[in-house]
There are 2 protein chains.
Amino acid sequence: MTTGKESKPRRVTAKQVAQAAGVSRSAVSRAFTPGSPLDEGKKRKILQVSEQLGYRPNALAAGLQSRGRSNLVAIVTGDLVNHYDSEILAKLMRGLYAMGKWPVVLGGSAETSEAEILEVLAYPLDALILRGGSVDESVATHCAKLNIPLIVSGRVMDAEGVDCVCCDNMRGAELAVTQLIARGKTRLGYLGGLAHLSSDQERKAGFESALTKAGFKPAILEHSDFSYEGGYEALTGILSNDVELDGLFCANDAMALGAIAAGRQQFGLSIPSDLSVVGFDDIAIAQWPSFQLSTVRNDMDQTVSQILRLLTERLDQPEKASETILIKPEFISRGTH
Amino acid sequence: MTTGKESKPRRVTAKQVAQAAGVSRSAVSRAFTPGSPLDEGKKRKILQVSEQLGYRPNALAAGLQSRGRSNLVAIVTGDLVNHYDSEILAKLMRGLYAMGKWPVVLGGSAETSEAEILEVLAYPLDALILRGGSVDESVATHCAKLNIPLIVSGRVMDAEGVDCVCCDNMRGAELAVTQLIARGKTRLGYLGGLAHLSSDQERKAGFESALTKAGFKPAILEHSDFSYEGGYEALTGILSNDVELDGLFCANDAMALGAIAAGRQQFGLSIPSDLSVVGFDDIAIAQWPSFQLSTVRNDMDQTVSQILRLLTERLDQPEKASETILIKPEFISRGTH
DNA sequence: AAATGTAGTGAACACGTGTTCATGTAACGG
DNA sequence: CCGTTACATGAACACGTGTTCACTACATTT
């Protein structure tokens, strides 16, 4: 029926609308630019023809303009199997929509290759938000060269012009230790995640420092991978080696939940009378009736709103001095400590 | 120290590199285009200068080209609080990276406004992948007008040129009912999610049809919101009204887990001897030792690979006939039925 | 040596838009 | 009726790139 066009049909352009409506291409552009002076009747006509032809101004071409922004913001997220990462990603995205920005999401698995980040920098992003764990600091250099604002969250990066939003991990760990000791627990263990992440290192340091200050020594320092299964296996291993333990602080909630399951099922422990367990982050699952996990809240709403504030200000004043925001952790007392 | 520039500094351009390297701008473009003929020494020189100045070809400008693609693919995801949605999103994104496409993610909360989708269509997307729940079919019309391929997953959309990948929900529900009856359960209830979603309707229909075929009647048909808390409250309400129930089929895993918790904690039920519970989807949490949920697997790997296949083929042959792929569900037998 | 081919090169065009600029027209005040 | 002002208008430019098109210099073949 239709002529057998070989090439892929292209999107309707302003030129075609202009031709169909009997006006200049400039007028079409103006019809879609709120401030522009244009006859009301002509504007209606143009919008009607556009509707009919299915015309939408090409945001990509508009972003090419001198003053134009692409309105694209890349987010490097951590492993989405991690509930904390997926929950905060959802909140962050909604905040960006409200700002009229579109999130291009990278990462989402354990190893986010740096090459992937460099590739997306080919786009003239309005900003890059770095939330995943282990990314080299050289990313900051590349962003600086390309004049792309960089906002780091979940860790502190000490580089020129980089804004940071991070939880006060040491303080959070201290809170956990204090609360465990207040319940009379003294043989405390630490279950960390991937040891090369600064968040893990800081939580571990906070744990050790608070414990030392209270006059105790760690019963054990163990590492896993931030996953439920990892926590399950780690506590199984620890208790199989006859380590004396009455309290466990985990570097995130998933491992804490896994550890609780292992304690109950593999060793018949009663939580918290036999063993107290405290997590970190306060993901949604932590308050499920099945768990009622005591944990340290790593406040997502505050984190997201600070990221968005820094982003807005940075876009407004590119040369502004960079900031580092420390989010205050809060101990959430439930039933496992 | 630096001169107080008022305007935002712009990205380094090919023109500047050409000037600095003493070559034509064309040469710079060629240096970054693998197939192009260019003297080897000159190419090295250009790449070196680019490295030094921090030049990267602007992908946005390149995408404007006649044959160029933007390499942007929008994904409309469902509520990311939903674990199934966040897990499949992660897998889908990784698949897109492998294809050299960048995901622009929309949605992530219960109500994805259609206006949001229309706005992102301003970009010349290579494709739009629709995975959220309640989106009007008019999106298909808009995509068609803009020549943007549309791939729908999680539901079937009967529109010209739209490819679909969907789980066989009716078959899945039938599997669940069959397995419950095989365990001697006859007073079965259905706990649905948001009733306006087709996935919920199909699962409900499958439940009723299989039950009728076996000669039984539904003990109750209840609806909630696909959340853990919703499932908890729903079963609490049902059992409080003295409904006789020995088996419950839930439209997703989260509600099933909530129902299990409610049954155990609020009514002291033993699962599965007092009450069998079967979920749908098979999210990661379902196999946690704490739950060991029997469920119907809504296979993510198959779904994602089919989406990617359809995407590849559609980009290759825009005029190809549209397909609807039905993914076969599989019953996963664990400890709750 | 002449004819033919080949790789390299820069100018010019195309992509689709927002905006400036000069021009034209209508409204308004005197 | 004239001078001023305000507004509407289309042509032209800018944005940053990939690609085509002549054209040159050189190697190869006849």
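This is a predicted model: local features need pLDDT of at least 70, side-chain atom pairs count only at pLDDT 80 or more; totals for chains, interfaces and linings use all residues.
Where is the place of B:D242? B:D242 sits in the loop between α10 and β8 (247-250) of chain B. Helices (H or I, at least four residues) and strands (E, at least two) are DSSP runs, numbered from the N terminus.

Residues are numbered from 1 along each chain as its sequence is written, chains are lettered from A and ligands numbered from 1 in the order in which they are written, and side-chain values use heavy atoms, with hydrogens and water left out.

**View 1**
Contact means heavy atoms within 4.5 Å.

**View 1. Six strands of chain A form an open, mixed sheet.**
The strand order is β7-β6-β8-β9-β10-β12. At the edges stand β7 (220-223) and β12 (330-332) of chain A, each with a single partner strand, so one side of each lacks a neighbour in the sheet. From one strand to the next, the twist averages 20°. Strand β6 (residues 188-192) of chain A pairs with β7(A) in the parallel sense over four bridges. There, A:Y190 has A:L221 of β7(A) as its bridge partner. Two strands pair if DSSP finds at least two bridges between them.

**View 2. Helix α11 of chain A packs on the sheet.**
Helix α11 (residues 253-267) touches β6, β8 (247-250), β9 (276-281) and β10 (294-297) of chain A. Its direction makes about 160° with that of β9(A). Axes are lines fitted to C-alpha atoms, for helices over the stretch in contact, and angles run from 0 to 180 degrees between N-to-C directions.

**View 3. Strand β9 of chain A is largely enclosed by the rest of the structure.**
Six of the six residues of β9(A) are buried. Buried means under 20% relative accessible area, exposed over 50%, and partly exposed in between (1.4 Å probe, protein chains only). β8(A) and β9(A) pair in the parallel sense over three bridges. The bridge partner of A:G247 in β9(A) is A:S276.

**View 4. A:L150 lies in the largest nonpolar core.**
This core holds 192 residues. Those that touch the most other members are A:L128, A:L150, A:F249, B:L128, B:L150 and B:F249. A nonpolar core is a set of buried Ala, Val, Leu, Ile, Met, Phe, Trp, Tyr and Cys residues joined through side-chain atoms within 4.5 Å. Beyond its neighbours within four places in sequence, A:L150 is in contact with residues including A:L128, A:A140, A:C143, A:M157 and A:V162. In soluble globular proteins, nonpolar side chains tend to be buried together.

**View 5. The cysteines form zero disulfides over all chains.**
A disulfide is a pair of cysteine sulfur atoms within 2.5 Å. A:C143 is in no disulfide; the nearest cysteine sulfur, that of A:C164, is 12 Å away. At 1% relative accessibility, A:C143 is buried. A:C167 is in no disulfide either; the sulfur of A:C166 is the nearest, 6.5 Å away. A:C167 is also buried, at 6%.

**View 6. A cis peptide bond joins A:I271 and A:P272.**
Omega is about 10°. A:P272 is in the loop between α11 and β9 of chain A. In chain B, a cis peptide bond joins B:I271 and B:P272, with omega of about 10°.

**View 7. B:F226 and B:D242 have positive phi.**
Phi is about 75° at B:F226, although it is not a glycine. B:F226 lies in the loop between β7 (220-223) and α10 (228-240) of chain B, and is buried at 11% relative accessible area. B:D242, also not a glycine, has a phi of about 55°. B:D242 is exposed, at 66%.
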